[in-house]
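Please read it with the structure open.

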Amino acid sequence: MNQLRLGYLYGIGAYLLWGFFPIYLKLLRPAGPGEILAHRIVWSVAFVALLLAAMRHVAFLRTLARRPRALAGIALAAVLIAVNWGTYIYGVNSDRVVETALGYFINPLVSVLFGVVALRERLRPAQWAALGVGALAVAVLTVDYGRLPWLALTLAFSFAGYGLVKKRLGLPAAEGLFVESAVLALPALAYLVWLSTRGDLTFGHVSAGHTALLVLAGAATAIPLLLFAGAANRLPLSTVGMLQYLAPILQLGCGVLIFHEPMPPARLAGFALVWLALVVFTADALRQSRRRPRAHPTSSLVGVAGQRRS
């Protein structure tokens with residue numbers, strides 16, 4: 001099998017897993033969002049530690065220990081991804097899967113905005129147009145919800161901020177996930193102990209299947225990330241950018257078709273505006289990629305932002 005085809009298989013596999021992740025999270029009930037987040041962190045550390053040990057990739061820890069600025073960046077990335085994960089879990093478990101999908105549709109536009117604000121990148125007219133249509137979409141959805149779609153915006157901004165930090169750090173996927181999860185592991189363990197003392201811990205008290213699913217949260221976090229890393233190393237950035245929309249499309253389908261969440265006309269109009277903005281944004285990105293065919297697959301902020309989904 002050639003490398004390009006392998007890259008497509010890796011990318012599609014990653015986004016399929018991320019797209020159907022709401023179904024997995026629903027199976028973790030009656031565990032609350034906080035407990036699910038804590039288990040996801042703890043078991044991610046365990047899973048990736050075993051993986052790195054098997055690959056003998058542990059020397060990077062000594063290198064990082066001599067880079068205090070990088071450690072501070074990793075701590076910030078850990079906080080941002082914890083906010084993203086926690087918000088996503090809360091959204092799914094409060095029957096707002098459609099709004100979580102909106103967050104990941106908006107995310108590429110927020111990443112572009114961060115590129116302007118933080119990296120002083122210059123936007124082309126089509127990119128400005130996409131941002132304008134995206135802002136109009138948020139206004140329409142605010143009217144529909146009767147409030148700002150704060151859950152979607154929190155997901156989009158936390159994920160875009162995480163992508164910005166990751167771009168500056170430049171850590172490999174597995175090593176980055178291990179260190180970020182390790183930063184959060186002690187608070188996560190403390191929270192699980194606190195739940196246990198209150199008698200609110202579901203781990204080990206519901207069924208063997210439920211306990212196994214909580215343990216598998218680490219693998220469910222790491223495997224799509226590693227598949228994505230394999231795709232990003234083999235596919236052009238424009239292709240990765242197109243594939244990233246597969247996950248929120250599937251999440252939206254889960255919310256509407258499987259969980260029967262409402263999609264009134266005004267909300268559909270807001271989503272249609274978001275999709276229009278993404279069509280403009282993607283068409284412009286494809287046009288530019290043809291002019292710069294040798295661009296590195298993960299050279300842009302949007303490309304880096306796609307490295308971690310909820």
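The points below go from conventions to cores, helix packing and backbone geometry.

1. Conventions. This is a predicted model, in which local features need pLDDT of at least 70, side-chain atom pairs count only at pLDDT 80 or more, and totals for chains, interfaces and linings use all residues. Residues are numbered from 1 along each chain as its sequence is written, and side-chain values use heavy atoms, with hydrogens and water left out.

2. The largest core. A nonpolar core here is a set of buried Ala, Val, Leu, Ile, Met, Phe, Trp, Tyr and Cys residues joined through side-chain atoms within 4.5 Å. Buried means under 20% relative accessible area, exposed over 50%, and partly exposed in between (1.4 Å probe, protein chains only). The largest core has 50 residues, and Leu25, Val48, Leu64, Tyr88 and Phe178 touch the most other members. Helices that each supply at least two residues of this core include α2 (21–27), α3 (33–55), α5 (68–93) and α9 (173–198). The largest share, 11 residues, comes from α5. Helices are DSSP runs (H or I, at least four residues), numbered from the N terminus.

3. Contact means heavy atoms within 4.5 Å. Leaving aside neighbours within four places in sequence, leucine 25 is in contact with Ile36, Tyr88, Ile89, Val92 and Asn93.

4. Leucine 61. This residue is in helix α4 (residues 60–65). Leucine 61 counts as partly exposed because its relative accessibility is 38%. Not counting residues up to four places away in sequence, leucine 61 touches Phe178 and Val179.

5. Glutamine 251. Is this side chain's residue, glutamine 251, buried or exposed? Glutamine 251 has 2% relative accessibility, so it counts as buried. Its place is helix α13 (residues 246–258). A polar atom of its side chain lies 3.2 Å from the backbone oxygen of tryptophan 18. A polar contact is a pair of N or O atoms within 3.5 Å; within protein, one must be able to donate a hydrogen and the other to accept it, and residues adjacent in sequence count only if both atoms are side-chain atoms.

6. Threonine 100. Threonine 100 lies in helix α6. At 0% relative accessibility, threonine 100 counts as buried. A polar atom of the threonine 100 side chain lies 2.6 Å from the backbone oxygen of valine 97. Beyond four places in sequence, threonine 100 touches Tyr88, Gly91, Val92, Leu151, Leu155 and Gln251.

7. Packing of α6 and α13. These helices pack at an angle of about 165°, with their axes 8 Å apart. Axes are lines fitted to C-alpha atoms over the stretch in contact, and angles run from 0 to 180 degrees between N-to-C directions. That makes α6 roughly antiparallel to α13, a label for angles over 145 degrees. On the α6 side the contact includes Thr100, Ala101 and Tyr104; on the α13 side it includes Gln251, Leu252 and Gly255.

8. Backbone to check. The peptide bond from arginine 29 to proline 30 is cis, with omega near 15°. Proline 30 is in the loop between α2 and α3. Aspartate 95 has a positive phi, near 60°, and is not a glycine; aspartate 95 is found in the loop between α5 and α6. Histidine 260 also has a positive phi, of about 55°. Histidine 260 is exposed, with a relative accessible area of 63%.

Definitions and conventions:
Parallel < 35°, antiparallel > 145°, perpendicular 65-115°, else oblique.
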